Amino acid sequence: MRPRFTLVLVLVLIGAVGGFVAAAGLAAGASVPRYPDLRTQPPADLRFDRLGDGTHVLRFSNTVWNAGEGRLELEGYPRPHRDAIPVYQNLYDAAVGGSLVSHKPVSSDILYHLSHNHYHFQDFASYLLLKKDASGTYQETTKKGTKTSFCIMDSTRVSGTYSQQYGGCDGALQGLTVGWGDDYVYTLPDQWVVLGTSRLADGTYAVQSTADPKNKLDEGGRDGNNVAKTCFKVRRGKIRAC
């Protein structure tokens with residue numbers, strides 16, 4: 001897996017026309033689109049850490065992958081001197097190749113980093129700490145992740161045999177090939193849930209990851225399977241399996 005940087009993604013500055021697909025350029029009589037289906041693998045590699053300012057955090061690795069019949073493809077329009085740029089989701093009638101059948105706006109809060117000429121997609125995933133109460137039910141806590149923006153790329157194949165289509169964030173397109181996942185390992189900055197100024201008390205917890213929590217991306221109506229969680233116990237400041 002290639003190195004990742006939390007606040008930056010590469011977006012090559014290209015001509016106003018070259019490299020972008022206008023809505024008028026959609027294939028005439030195009031067929032039914034094949035949608036992505038985002039799913040989150042259970043968070044792994046859980047461990048406590050303490051930052052330089054004394055803040056306690058729970059680090060973990062997270063993978064969001066595409067279990068659908070179609071690719072996830074996002075296309076960004078660069079605006080070098082602005083923090084936000086519009087982004088569009090492209091839908092095709094085949095997992096690889098095929099015709100473009102939809103070029104729809106997703107949002108306009110994509111973060112653009114001028115010095116690195118690339119962008120991050122906001123709200124691709126969210127992280128939350130849950131705690132098990134006396135009745136055995138996991139309840140939400142106020143402790144959440146700080147990571148809100150992501151480079152989206154094929155990091156590892158989870159299933160299937162499709163070749164990697166989005167091997168880096170070095171252009172106008174980001175995405176996930178069918179069967180491929182986007183990995184964020186626990187060593188990355190901001191890949192954590194913030195616990196605060198004190199250690200986590202003894203108890204049973206779960207860290208929950210949600211892909212596309214604000215449903216910005218079109219998955220063909222399959223938005224109910226985007227959540228996964230991993231249970232763990234804390235005993236005397238140490239993490240143990242449930």
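Biologist: Which cysteine does a disulfide join to Cys 231?
Modeller: A disulfide is a covalent bond between the sulfur atoms of two cysteines. The cut-off here is a pair of cysteine sulfur atoms within 2.5 Å. Cys 231 is joined to Cys 242, with 1.5 Å from S to S. Before we go on: this is a predicted model, where local features need pLDDT of at least 70 and side-chain atom pairs count only at pLDDT 80 or more, while totals for chains, interfaces and linings use all residues. Residues are numbered from 1 along each chain as its sequence is written, and side-chain values use heavy atoms, leaving out hydrogens and water.

Biologist: How many aromatic pairs does a search of the whole structure find?
Modeller: Rings of Phe, Tyr and Trp (its six-membered ring) pair if their centres lie within 6.5 Å; planes under 30 degrees apart are stacked, over 60 edge-to-face, and the rest tilted. The search finds two such pairs. In one, the ring centres of Phe 60 and Tyr 127 are 4.7 Å apart and the planes stand at 85°, so this pair is edge-to-face. The other, Tyr 205 with Phe 232, is stacked, with 5.7 Å centre to centre and 20° between the planes.

Biologist: Are Phe 60 and Tyr 127 buried or exposed?
Modeller: Buried means under 20% relative accessible area, exposed over 50%, and partly exposed in between (1.4 Å probe, protein chains only). Both Phe 60 and Tyr 127 are buried, and so are both Tyr 205 and Phe 232. Cys 231, at 28% relative accessibility, counts as partly exposed.
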